[in-house]
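Work through the exercises below with the sequence and the 3D view open. Try each task before reading its solution.

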Amino acid sequence: MTATTTRPSDRRISPVFVGILAVTAVTGWATWTGFAEQPGVAVFLFVTAAWIVSLCLHEYAHARTALHSGDISVGSKGYLTLNPLKYTHALLSIVLPVIFVIMGGIGLPGGAVFIERNRIQGRWKHSLISAAGPLTNVLFAAVCTAPFWLHSLDGVPRDFRFALAFLALLQVTAALLNFLPVPGLDGYGVIEPWLSYNIKRQVEPFAPFGLLFVFALLWVPSINTYFFDVIDAILRGLGISDFETYCGQNLYRFWQGSNEFCSISG
């Protein structure tokens with residue numbers, strides 16, 4: 001059944017999202033003040049919760065842009081409530097990205113809001129809907145890195161600075177991966193409306209495997225090195241050093257034990 005109207009309740013912020021925001025705020029405070037007995041646990045919870053918030057905002061941006069472009073069905077699907085449990089594939093949008101952050105420190109793109117594209121007229125609108133998600137990651141990265149490129153780190157505790165650096169790395173990797181023009185990723189969604197019908201028909205069968213293809217390439221040492229060199233260059237341009245992202249990830253993965261180099265040099 002397809003809805004033709006959007007009710008006020010369809011836009012009400014979900015208690016689930018509010019709860020995630022609360023976890024982000026409390027653990028961010030614990031990281032800032034050093035309240036937690038184990039700072040690594042606080043950093044882990046803070047970065048993970050903030051990462052989930054960014055995933056929700058990413059999907060919300062897709063849905064909100066689609067709503068204003070003509071797809072009024074997104075409200076009835078719960079996409080405007082910021083509730084990650086409403087996504088078409090919660091596993092792909094939330095669980096899998098968090099697992100990749102824990103395992104490898106990579107901001108895995110989400111992508112599980114179903115947009116009824118037939119309701120939307122105009123190629124620019126289709127492109128903007130696809131671009132809205134990764135642009136949210138860009139904005140999130142700008143917020144995380146603001147204290148660094150504004151040179152406003154005086155008084156910012158070491159652990160909180162490291163956590164922000166690692167969170168910024170996740171946002172930059174998510175934005176860069178999402179903008180790749182690979183079928184199944186948002187970057188391809190941006191250019192797809194401008195492609196011929198024959199090209200789109202030939203590419204369509206490969207869309208479900210696009211993300212797997214990208215991550216298979218990242219397992220190639222030379223490509224992996226080049227990819228993270230690009231990420232490091234972007235972060236350095238924003239005022240974040242390799243040392244800060246390294247120590248942020250080390251602190252996040254608290255179960256591996258603390259690195260004395262980060263403790264002494266921080």
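This is a predicted model: local features need pLDDT of at least 70, side-chain atom pairs count only at pLDDT 80 or more; totals for chains, interfaces and linings use all residues.

Residues are numbered from 1 along each chain as its sequence is written, and side-chain values use heavy atoms, with hydrogens and water left out.

**Exercise 1.** Find the salt bridge between E244 and R161 and state whether each residue is buried or exposed.

Solution. 
1. A salt bridge is a side-chain nitrogen of Lys or Arg within 4 Å of a carboxyl oxygen of Asp or Glu.
2. The closest N and O atoms of E244 and R161 are 2.9 Å apart.
3. This pair joins distant parts of the chain, with E244 in helix α10 (residues 242-252) and R161 in helix α5 (residues 158-178), 83 residues apart. Helices are DSSP runs (H or I, at least four residues), numbered from the N terminus.
4. Buried means under 20% relative accessible area, exposed over 50%, and partly exposed in between (1.4 Å probe, protein chains only).
5. E244 has 7% relative accessibility, so E244 is buried. R161 has 15%, so R161 is buried.

**Exercise 2.** Describe the salt bridge between D242 and R236.

Solution. 
1. Their closest N and O atoms lie 3.2 Å apart.
2. D242 is partly exposed, because its relative accessible area is 38%.
3. R236, at 46%, is partly exposed.

**Exercise 3.** Which residues are linked with E116 and R119 in a network of salt bridges?

Solution. 
1. E116 and R119 meet at 2.7 Å, N to O.
2. The network also contains D71 and K77.

Definitions and conventions
Helices (H or I, at least four residues) and strands (E, at least two) are DSSP runs, numbered from the N terminus.
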